[in-house]
Amino acid sequence: AGLRSDEAVSEALEAGTDPVKVFVSASEWAAFSSAQVNQLALDRFLDRTRARSAGAAGIEYERFVGYFYEQSGGKVDYQGATKGKDDLGLDLICTRGAECHVVQCKRLSVQKGIPVRENVVGQLYGAARFHAFQANRAPESVTPVIVTTFELSEMGRQFASSLGVVVQERRALIPYPRIKCNVSRRDGERIYHLPFDQQYDATKIDAAEGERYAHTVAEAEANGFRRAF
(Lines give C-alpha, C1' and ligand atoms only; values in the text may rest on other atoms or scores of the structure.)
Protein backbone atom coordinates (compact mmCIF):
# COMPACT_ATOMS: atom_id res chain seq x y z
CA ALA A 1 0.00 0.00 0.00
CA GLY A 2 2.88 2.35 0.76
CA LEU A 3 4.45 1.88 -2.65
CA ARG A 4 1.08 2.44 -4.31
CA SER A 5 0.64 5.68 -2.36
CA ASP A 6 3.88 7.07 -3.87
CA GLU A 7 2.54 6.31 -7.33
CA ALA A 8 -0.87 7.74 -6.44
CA VAL A 9 0.69 11.03 -5.30
CA SER A 10 2.47 11.37 -8.65
CA GLU A 11 -0.76 10.59 -10.49
CA ALA A 12 -2.70 13.13 -8.42
CA LEU A 13 -0.18 15.87 -9.14
CA GLU A 14 -0.25 15.09 -12.86
CA ALA A 15 -4.06 15.18 -12.82
CA GLY A 16 -4.18 18.45 -10.87
CA THR A 17 -5.98 16.94 -7.87
CA ASP A 18 -5.07 17.36 -4.21
CA PRO A 19 -2.61 14.60 -3.14
CA VAL A 20 -4.00 14.84 0.40
CA LYS A 21 -6.83 12.64 -0.90
CA VAL A 22 -4.35 9.80 -1.35
CA PHE A 23 -3.98 9.58 2.44
CA VAL A 24 -7.47 10.37 3.74
CA SER A 25 -10.82 8.75 3.03
CA ALA A 26 -13.79 10.51 1.50
CA SER A 27 -15.59 10.39 4.86
CA GLU A 28 -12.59 11.95 6.65
CA TRP A 29 -12.35 14.63 3.96
CA ALA A 30 -16.01 15.52 4.55
CA ALA A 31 -15.95 15.34 8.34
CA PHE A 32 -12.77 17.21 9.26
CA SER A 33 -11.54 20.76 8.76
CA SER A 34 -8.96 21.42 6.07
CA ALA A 35 -6.24 21.82 8.72
CA GLN A 36 -7.19 18.49 10.32
CA VAL A 37 -7.26 16.75 6.94
CA ASN A 38 -3.88 18.19 5.97
CA GLN A 39 -2.33 17.09 9.28
CA LEU A 40 -3.81 13.61 9.00
CA ALA A 41 -2.40 13.23 5.50
CA LEU A 42 1.01 14.46 6.65
CA ASP A 43 1.05 12.03 9.58
CA ARG A 44 0.23 9.11 7.31
CA PHE A 45 2.76 10.20 4.70
CA LEU A 46 5.49 10.34 7.37
CA ASP A 47 4.48 7.10 9.11
CA ARG A 48 7.76 5.22 9.52
CA THR A 49 6.03 1.90 8.85
CA ARG A 50 4.79 3.06 5.44
CA ALA A 51 6.76 1.39 2.66
CA ARG A 52 8.59 3.75 0.30
CA SER A 53 9.73 3.21 -3.25
CA ALA A 54 13.52 3.37 -3.63
CA GLY A 55 13.20 6.76 -5.34
CA ALA A 56 10.91 8.20 -2.66
CA ALA A 57 13.17 6.91 0.14
CA GLY A 58 16.17 8.54 -1.53
CA ILE A 59 14.44 11.89 -1.93
CA GLU A 60 13.33 11.78 1.71
CA TYR A 61 16.98 11.45 2.75
CA GLU A 62 18.08 14.25 0.40
CA ARG A 63 15.50 16.56 1.96
CA PHE A 64 16.78 15.65 5.44
CA VAL A 65 20.38 16.50 4.54
CA GLY A 66 19.30 19.68 2.75
CA TYR A 67 17.35 20.83 5.80
CA PHE A 68 20.47 20.82 7.95
CA TYR A 69 22.42 22.77 5.34
CA GLU A 70 19.64 25.36 5.35
CA GLN A 71 19.69 25.51 9.14
CA SER A 72 23.39 26.41 9.00
CA GLY A 73 22.61 29.38 6.74
CA GLY A 74 23.03 27.76 3.34
CA LYS A 75 20.86 28.00 0.24
CA VAL A 76 19.96 24.57 -1.14
CA ASP A 77 19.03 23.52 -4.66
CA TYR A 78 17.32 20.13 -4.41
CA GLN A 79 18.58 18.98 -7.78
CA GLY A 80 18.06 15.25 -7.23
CA ALA A 81 14.36 15.74 -6.47
CA THR A 82 13.68 18.32 -9.19
CA LYS A 83 15.83 16.94 -12.03
CA GLY A 84 15.70 13.20 -11.43
CA LYS A 85 18.06 11.28 -13.70
CA ASP A 86 19.42 14.56 -15.10
CA ASP A 87 20.95 15.58 -11.75
CA LEU A 88 24.47 14.47 -12.86
CA GLY A 89 24.85 12.66 -9.54
CA LEU A 90 24.54 15.91 -7.59
CA ASP A 91 21.56 15.53 -5.27
CA LEU A 92 22.06 18.87 -3.51
CA ILE A 93 23.87 22.06 -4.46
CA CYS A 94 24.43 23.98 -1.25
CA THR A 95 25.85 27.51 -1.28
CA ARG A 96 26.79 29.90 1.49
CA GLY A 97 28.59 33.01 0.32
CA ALA A 98 31.50 31.98 -1.89
CA GLU A 99 31.39 28.42 -0.55
CA CYS A 100 29.67 25.67 -2.54
CA HIS A 101 29.11 22.06 -1.52
CA VAL A 102 27.81 19.58 -4.09
CA VAL A 103 26.33 16.66 -2.21
CA GLN A 104 25.48 13.09 -3.06
CA CYS A 105 23.21 11.42 -0.50
CA LYS A 106 23.27 7.64 -0.09
CA ARG A 107 20.50 6.12 2.00
CA LEU A 108 21.77 2.59 2.50
CA SER A 109 20.72 -0.26 4.76
CA VAL A 110 23.04 -0.74 7.72
CA GLN A 111 21.68 -4.27 8.06
CA LYS A 112 22.62 -5.22 4.49
CA GLY A 113 26.10 -3.80 4.99
CA ILE A 114 26.70 -2.71 1.37
CA PRO A 115 29.04 0.31 1.44
CA VAL A 116 29.52 3.28 -0.88
CA ARG A 117 32.27 2.24 -3.26
CA GLU A 118 35.10 4.10 -4.97
CA ASN A 119 33.29 4.43 -8.32
CA VAL A 120 30.67 6.63 -6.61
CA VAL A 121 33.40 8.79 -5.11
CA GLY A 122 35.12 9.18 -8.49
CA GLN A 123 31.86 10.06 -10.24
CA LEU A 124 31.04 12.71 -7.64
CA TYR A 125 34.50 14.24 -7.93
CA GLY A 126 34.13 14.53 -11.71
CA ALA A 127 30.61 15.95 -11.40
CA ALA A 128 31.88 18.56 -8.93
CA ARG A 129 34.55 19.68 -11.39
CA PHE A 130 31.98 19.89 -14.18
CA HIS A 131 29.63 21.90 -11.97
CA ALA A 132 32.45 24.33 -11.19
CA PHE A 133 33.05 24.77 -14.92
CA GLN A 134 29.35 25.29 -15.68
CA ALA A 135 28.87 27.73 -12.79
CA ASN A 136 32.05 29.63 -13.66
CA ARG A 137 33.48 28.89 -10.24
CA ALA A 138 37.07 28.18 -9.30
CA PRO A 139 37.40 24.38 -8.96
CA GLU A 140 38.73 24.68 -5.43
CA SER A 141 35.61 26.62 -4.37
CA VAL A 142 33.37 23.59 -5.02
CA THR A 143 33.61 20.85 -2.40
CA PRO A 144 32.21 17.39 -3.20
CA VAL A 145 30.47 15.77 -0.22
CA ILE A 146 29.06 12.28 0.33
CA VAL A 147 26.52 11.84 3.13
CA THR A 148 25.38 8.29 3.85
CA THR A 149 23.37 6.35 6.39
CA PHE A 150 26.02 3.61 6.24
CA GLU A 151 29.69 3.99 5.34
CA LEU A 152 32.28 3.88 2.57
CA SER A 153 34.37 0.90 1.60
CA GLU A 154 38.04 1.10 2.54
CA MET A 155 39.00 1.83 -1.09
CA GLY A 156 36.19 4.39 -1.23
CA ARG A 157 37.72 6.18 1.73
CA GLN A 158 41.12 6.17 0.05
CA PHE A 159 39.59 7.68 -3.08
CA ALA A 160 37.82 10.34 -1.00
CA SER A 161 40.98 11.23 0.90
CA SER A 162 43.11 11.57 -2.24
CA LEU A 163 40.47 13.53 -4.20
CA GLY A 164 39.39 15.87 -1.40
CA VAL A 165 35.86 14.48 -1.15
CA VAL A 166 34.31 15.19 2.27
CA VAL A 167 32.58 12.19 3.81
CA GLN A 168 29.85 12.00 6.47
CA GLU A 169 29.14 8.39 7.42
CA ARG A 170 26.36 6.79 9.50
CA ARG A 171 24.21 9.93 9.30
CA ALA A 172 20.84 8.41 10.15
CA LEU A 173 17.61 10.11 9.21
CA ILE A 174 16.01 11.52 12.36
CA PRO A 175 12.72 13.42 12.83
CA TYR A 176 12.77 17.05 11.74
CA PRO A 177 10.10 19.62 10.68
CA ARG A 178 8.79 18.81 7.21
CA ILE A 179 6.43 21.68 6.38
CA LYS A 180 8.02 24.46 4.31
CA CYS A 181 6.62 27.93 5.05
CA ASN A 182 7.42 30.30 2.20
CA VAL A 183 6.90 34.04 1.67
CA SER A 184 6.17 35.07 -1.92
CA ARG A 185 8.76 37.50 -3.29
CA ARG A 186 6.06 38.86 -5.61
CA ASP A 187 3.26 39.81 -3.21
CA GLY A 188 4.36 38.71 0.27
CA GLU A 189 1.75 35.96 0.50
CA ARG A 190 2.59 33.38 3.17
CA ILE A 191 2.19 29.81 1.90
CA TYR A 192 3.08 26.43 3.35
CA HIS A 193 3.96 23.32 1.37
CA LEU A 194 3.53 19.73 2.53
CA PRO A 195 6.13 17.16 1.40
CA PHE A 196 3.85 15.75 -1.29
CA ASP A 197 2.87 19.17 -2.72
CA GLN A 198 3.98 20.02 -6.25
CA GLN A 199 6.37 22.89 -5.46
CA TYR A 200 7.86 21.44 -2.29
CA ASP A 201 11.34 20.66 -3.63
CA ALA A 202 11.49 23.84 -5.71
CA THR A 203 10.74 25.93 -2.60
CA LYS A 204 13.82 27.33 -0.85
CA ILE A 205 13.63 28.47 2.76
CA ASP A 206 15.40 31.68 3.76
CA ALA A 207 15.05 32.60 7.44
CA ALA A 208 16.15 36.17 6.64
CA GLU A 209 12.94 36.55 4.58
CA GLY A 210 10.70 35.37 7.42
CA GLU A 211 10.51 31.82 6.10
CA ARG A 212 10.67 28.74 8.25
CA TYR A 213 9.96 25.05 8.68
CA ALA A 214 7.05 23.89 10.82
CA HIS A 215 6.39 20.57 12.54
CA THR A 216 2.61 20.74 12.28
CA VAL A 217 -0.11 22.31 10.16
CA ALA A 218 -1.39 24.12 13.27
CA GLU A 219 2.05 25.67 13.80
CA ALA A 220 2.23 26.82 10.17
CA GLU A 221 -1.25 28.32 10.23
CA ALA A 222 -0.67 29.99 13.62
CA ASN A 223 2.22 31.85 11.99
CA GLY A 224 0.00 33.12 9.19
CA PHE A 225 0.74 30.63 6.41
CA ARG A 226 -1.91 28.95 4.28
CA ARG A 227 -1.64 25.73 2.31
CA ALA A 228 -0.41 25.99 -1.28
CA PHE A 229 -3.22 25.61 -3.78
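Arg157 is partly exposed in this predicted model, with a relative accessibility of 31%. The side chain of Arg157 takes part in a salt bridge with Glu154, in which the closest N and O atoms lie 3.5 Å apart. Glu154 counts as exposed, at 52% relative accessibility, because the cut-off for exposed residues is over 50%. Both residues belong to helix 7, which spans residues 154–163. Glu154 and Arg157 are three residues apart in that helix, or about one turn.

A second salt bridge pairs Asp197 with Arg227, with 2.7 Å between the closest N and O atoms. This pair links distant parts of the chain, its members being 30 residues apart. Asp197 is placed in the loop between strand 7 (190–193) and strand 8 (212–214), while Arg227 lies in strand 9 (residues 226–227). Both partners fall under the 20% limit for burial: Asp197 is buried with a relative accessible area of 9%, and Arg227 is buried at 13% relative accessibility.

Salt bridges with shared partners also connect Arg52, Glu60, Arg107 and Arg178 into one network. Within this group, the side chains of Glu60 and Arg52 meet in a salt bridge with an N to O distance of 3.3 Å. Glu60 has a relative accessible area of 10% and is therefore classed as buried, since burial requires a value under 20%.

In total, the structure contains 17 salt bridges, among them the Glu154–Arg157 pair, the Asp197–Arg227 pair and the Glu60–Arg52 pair.

Key. Residues numbered from 1 in each chain as written. Predicted model: local features only at pLDDT ≥ 70, side-chain atom pairs only at ≥ 80, totals over all residues. Heavy atoms only, no water. Salt bridge = Lys/Arg side-chain N within 4 Å of Asp/Glu carboxyl O. Buried < 20%, exposed > 50% of the residue type's maximum accessible area, 1.4 Å probe, protein only. Helix = DSSP H or I, 4+ residues; strand = E, 2+ residues; numbered from the N terminus.
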